[in-house]
Amino acid sequence: MIDVTLTLNGTPRTVSVEPRETLSDLVRNRCDMTGTHVGCDHGACGACTVHLDGMPVRSCIVLAATCDGREVRTIEATRKDETFGVIRRHFHEKHALQCGFCTLGMLMMAADIIARHPTPSEDQIRNALSGQVCRCTGYMGIVAAIASAAEELRGA
Amino acid sequence: MHSETADRWIGKPLLRKEDARHLLGASQFVADLRLPHMQDVAFVRSASAHGRILSIDAGGAEPGTVWTLADLPTIHPLFAGPELGTFRNAVYPPLADGKVLFAGQPVAMCLGANRALAEDVASAVWVDVEELPPVIDAVNALAKGAARLHDDWPDNGFIHSVITGGDIASVADAPVRMRRRFKMNRQAANPLETRGVVAYRDHRTDELVVYTSTQGPHVMRHGLSIALGIPEHRLRVVAVDVGGGFGGKNRLMPEEIAMAALALSVDHPVRWIEDRNEHLIASVHAREHHYDLTVLAERDGTILGIEGSIHVDAGAYALWPSGPFMETSMAARNLPGSYRIQHLNIDTHTVATNKAPLGPYRGVARPGACFAIERLVDELAHELGIDPVEIRHRNLVGPTEMPYRTGGGLRLDNGDYPTALDKAVAMIDLPAVRARQAAGEPDGTRIGVGFACYTEQSGHGTVEWVKRKSRVVPGYETATIRMMPDGSAQVLVAIQSHGQGLETSLAQIAADGLGLTPAQIVVRHGDTSISPFGFGTFASRSIVFCGGAVTKAAAALAEKIRAVAAHLLQTTPDLITLRDGAAHGPQGSIPIPEIARAANIRPEALPEGMAPGLEATATYEPPESGGVFSYGVHAVVVAAHPETGVTRILDYVVVEDCGNLINPMIVDGQIIGGVAQGIGTALYEEIPYDETGQPIATTWGDYLMPCAPEIPSFRIGHMVTPATSTEHGVKGMGEGGAIAPPAAIANALTDAFRDIGAKFCETPMTPRRVSDAVALARGEE
């Protein structure tokens, strides 16, 4: 076992993991935070997206042991975040979710897209979402929600 | 008597009640359950496509960690498929029983403190298999001398059946006979949440509790009861949040039975979460139709009949309850599509192969049938020099001919198909597309436009399912509405909302029936212990059946509320209306919570002789048992490169009519999501097998899921022809979006390369297939 000391959602923690465990294993199984969903377990669907040192990563293909000394933010930390609040509201209003399984990864990626592109074009949003699979919505509501959330946040 | 309130909530694009928990990351899927002492299961799966198991070596595992069929309690055979003497049964054992019939079949299950440790155990298990020749092509599988999957069958056919309509001999001398072959390849539903099971014995209630990601908990409980030999009152099946199903979670699968049996055998909860590899090789597979069809027509393009054959590659076993024959018969019966085609003679073969068993996926059979008929219509148009839109107009069933019995025996209830086509042609701006096409693209890509018409049978009841010889006949749904002392209400239903927003739309229906707001109503589902019996969510049935049951239950409850109100207001029930949270009489009103309080906890306030309580249960089956038909037309413009074969969608228009809408926002979401999946079928998704029977697409690196850059924005044109037989005039519409895209896109590609006559007759139309079709048409090697 390896001791990993990281900052998880603002709280310093030391977690013992096996060398083969991934960051999604650490978050879901060692810390019981189940808002990070695993859809494919091989880095192809984006449902497990978390922020690692401020960058979106697929937590199912990041080894937990490599997260020592790093800062991890999962969806659980965003519940009271104002920016996320705006993005959530636009997801709700634009019918950007159906079954809800991909949604948390989408939100984590949406926040990153808006941070990088304050005025994102539809093409920018679609391309930036190219690693996020949604099986239900056909993406239209998600793209619209990110665009309108960005617009509101730009004015804020 | 119905509530006299005007619709206040039905028809409104109410934002969804289910969004909040999902957006917070506070939803609960099976994989999110945390139970003390729970152990994980990893399945050992067959590496061989076909073989006899000689031995299973546990690899030195600790006792009690490796389980084969012999180690589990006796499991009774679960006969699946139509109740027809001519259907050969192939019971799917929960763990392999002597033979393995496809690569990926569950052979043994291994326990560990977590999934990784369970996989360690599994990886040490050695299954010695005497290899047998694999059967991988559904047509060749029926040839004399082909290896046989099932030793007691004379060949590999589950069933051979001729589907007929009219009299094909009467049009045998048709002036035009044109033969074409089409193929729709194999895929899987691929909901983002894979399958998953958590099972344990609850000693307090003396129940076996099975959490499973399913579309129909009650029916699954029935199947588990048969398989395990446990009475249903000692089985509880729960579907918590379900992350998509699309048909793929509507069969009782071997893993679910094996997990339930294991939970009976150990003293702790057990959990299995399917990984994506398992999903791709061993979940419910779908499609894989071969069509060899000849269309009989007049020279003016009037289609007289269709004859030929359909082979459906059904995989190794029959999935409970329906088996694979429904796929085949629906494909044949839906071939006439939206057209006046009265003569049909289709030789159908449902064939066993060494592949994962076939089951339902959004559209069931109709994406294939639509692909075949809509490609045939376009091919005929080209053959006869008629415009594809014009030939459709010559054959579409007209509104004055409704209701119309098709050559496939389906009763198209109402609608205006020609107007839908005109609307699609107008929305796609055909002259502008033709102008761009004529001008040519600077990079050599070709522009093409394609159309496809479709119908979607929904809300079909007892008669239709009996006609299909279904062993479970989902002819009704049940709803209970219970009003609490404070006037809020629970709607308890047996459908399973897994993305369809039924917690919202059913609340809208109940709100109008009771004079409440949707916020005062909660819809509970997905648990055999909370709702009355019902069949679940599939076949675009929930809004018709469950919406109808909620309407009936609300009406019954409203009648009692009015009776209590009349007593309290000193008037008669017929003078009471329920609206805005109150009962209104000629001389006064009383808030519904006061009535609820009286009925529940102050029975002395009730009229003499009235039973206390406010609860009503109703079942509902629409009177037209053959179903109601949504329909529509898709129009698509593509740009395809002749050398790379890459196809891009430039514009996509959907015109559709699903009767009255309960929640237009949710309806649009279902349409768009369905079309996106249909685009996946058309261009990307495929599970091929190599000549040794190994599945080639085993990750999402090989199986291409459409993402945001591949899917366009859609434009939707609604038409509304209310159903005459259903409550609120609704028709089901969950599958329709997925039916037409393969046909529309193939027709657009054909249009793009019309000058060289390239043929697009097989899905998915990958870059390789497109560039090969172009090269073949150009006479290149």
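1. In the interface between the two chains, 55 residues of chain B are in contact with 43 residues of chain A, contact meaning heavy atoms within 4.5 Å. This is a predicted model, in which local features need pLDDT of at least 70 and side-chain atom pairs count only at pLDDT 80 or more, while totals for chains, interfaces and linings use all residues. Residues are numbered from 1 along each chain as its sequence is written, chains are lettered from A in the order in which they are written, and side-chain values use heavy atoms, with hydrogens and water left out.

2. About 3,900 Å² is buried between chain B and chain A, with carbon and sulfur atoms giving 58% of that area; buried area is the accessible area (1.4 Å probe) that two parts lose on being put together, summed over both.

3. Four salt bridges are counted between chain B and chain A (a side-chain nitrogen of Lys or Arg within 4 Å of a carboxyl oxygen of Asp or Glu), and B:Asp120 forms a salt bridge with A:Arg20, where the closest N and O atoms are 2.7 Å apart. Helix and strand names follow DSSP runs (H or I, at least four residues, for helices; E, at least two, for strands), numbered from the N terminus. On the side of chain B that touches chain A, α1 (19-24), α2 (115-124), β8 (176-188) and α15 (664-684) of chain B each supply at least two residues, and α15(B) gives the largest share, eight residues.

4. Chain B also holds an open sheet of four strands in the order β18-β26-β27-β28, with mixed pairing; two strands pair if DSSP finds at least two bridges between them. Its edge strands are β18 (446-458) and β28 (715-719) of chain B.
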